[in-house]
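Please look at the structure below and keep it in view while reading.

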Amino acid sequence: ARTPVTVTVTGAAGQIGYALLFRIASGHLLGNDVPVRLRLLEITPALKAAEGTAMELDDCAFPLLAGIDITDDARAAFDGVNVALLVGARPRTAGMERGDLLSANGGIFKPQGEAINAGAADDVRVLVVGNPANTNALIAASHAPDVPSSRFTAMTRLDHNRAKTQLAKKAGVTVNDITNLTIWGNHSATQYPDIFNAKVNGRNAAEVVNDQAWLEGDFIPTVAKRGAAIIEARGASSAASAANAAIDHVYSWVNGTPEGDWVSAAIASDGSYGVPEGIISSFPVTSNGGEWEVVQGLEISDFSRSRIDASVAELVEERDAVRALGLI
Ligand code: NDP
């Protein structure tokens, strides 16, 4: 039998955690032949709720679930970890300044980066979901100097999936007909969903749609503000779709992307497309089953350039702010 893969989920007792853990345990994260050992990290007051979720996981009798550990100690949670899903974060609350938000998250992601550095397995792969995800990933990575920075990523796959469905609806096709979409930049309202390099049944999506007013007035804002629209409709944040995107991200990373297509993920920039090196920004990426690679040589129109630059400028500001706070 295969050795179980250790998967650590932080904020495991939260909404996203609840939607995520059952899918990990049933084989959707890594493959339906890969046993997993779950490590649930929570803050002390949420340990009891995490235990409740673990009881339900037990009650599913998942054949691939090799064990569950629950802890409030980051060192224990990340000891030997292969896949780390950093979901728990300090959300922005009313009246909170950006500096306070970044400081609060620095207090979470700095020790987690240190614990990953100290104890993670050599092949560790980290996905940050908790917001502000790109900058939280930057903080964690900067406290894990012995782990290659390419192993720290942030999630824009939900934005990617949202964009895919919106484009499919506009083009009157299904998501299966859409390929080569890209989310550029920050997982925030400045993100840029790019259809100029996307395809609808192999044809250029921007030409198929041929509607700049829809692109600027409908598509881009719908994708960028979808989270707020879900809160408005459900009375709660998106959770199942965020969990689903986390599953997609790790599955693609580990098992590879299909020939001829790519996905979106926020990874440490190597300077591609003029994005300053080191910033965790979303790019079109492929995986050969292990490492993300930025898709090179795409044509970037003036319109796309200005949108990408605006989102990257926001990431540079966030980086400078956490640097000024001494968090990186
Ligand atoms: P959720 O599980 O709903 O969300 C967790 C994080 O994911 C938030 O930062 C949220 O950001 C972010 N997120 C990213 N993308 C999305 C998306 N598309 N839709 C919704 N959220 C998204 O939060 P809960 O409050 O239910 O649970 C958080 C849990 O984390 C709690 O149990 C808490 O105890 C725990 N926690 C654990 C820590 C740790 O293990 N050290 C540290 C801090 C918290 P946003 O708020 O901006 O939507």
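Angles between axes fall into classes: under 35 degrees counts as roughly parallel, over 145 as roughly antiparallel, 65 to 115 as roughly perpendicular, and the rest as oblique. The axes are lines fitted to C-alpha atoms, for helices over the stretch in contact, and the angles run from 0 to 180 degrees between N-to-C directions. The model is a predicted one, in which local features need pLDDT of at least 70 and side-chain atom pairs count only at pLDDT 80 or more, while totals for chains, interfaces and linings use all residues. Residues are numbered from 1 along each chain as its sequence is written, and side-chain values use heavy atoms, with hydrogens and water left out.

Two packed helices are described by the angle between their axes and the distance between the axes. Helix H5 (residues 133–142) packs against helix H11 (residues 302–324) at an angle of about 40°, and their axes are 10 Å apart. H5 and H11 are therefore oblique to each other. (Helices are DSSP runs of H or I with at least four residues, strands are runs of E with at least two, and both are numbered from the N terminus.) Asn 134, Thr 135, Leu 138 and Ile 139 of H5 make the contact with Leu 315, Glu 318, Arg 319 and Val 322 of H11; contact means heavy atoms within 4.5 Å.

The second pair is H1 and H10. Helix H1 (residues 15–25) and helix H10 (residues 240–255) pack at an angle of about 40°, with axes 8 Å apart. H1 is therefore oblique to H10. On the H1 side the contact is made by Ile 16, Ala 19, Leu 20, Arg 23 and Ile 24, and on the H10 side by residues including Ala 240, Asn 244 and Ile 247.

Next comes the ligand. Among the 25 residues around the ligand, those that come nearest are Gln 15, Ile 16, Glu 42, Leu 158 and Ser 238; a residue counts as near if one of its heavy atoms lies within 4 Å. A polar side-chain atom of Glu 42 is 2.6 Å from an oxygen atom of the ligand. A polar backbone atom of Gln 15 lies 2.8 Å from a ligand oxygen atom.

Last, the backbone. Which form does the peptide bond from Asn 131 to Pro 132 take? This bond is cis, with omega near -5°, and Pro 132 is found in the loop between strand S5 (125–128) and H5. Asn 210 is not a glycine, yet has a positive phi of about 45°. Asn 210 lies in the loop between helix H7 (205–209) and helix H8 (212–224).

Key. A polar contact is a pair of N or O atoms within 3.5 Å; within protein, one must be able to donate a hydrogen and the other to accept it, and residues adjacent in sequence count only if both atoms are side-chain atoms.
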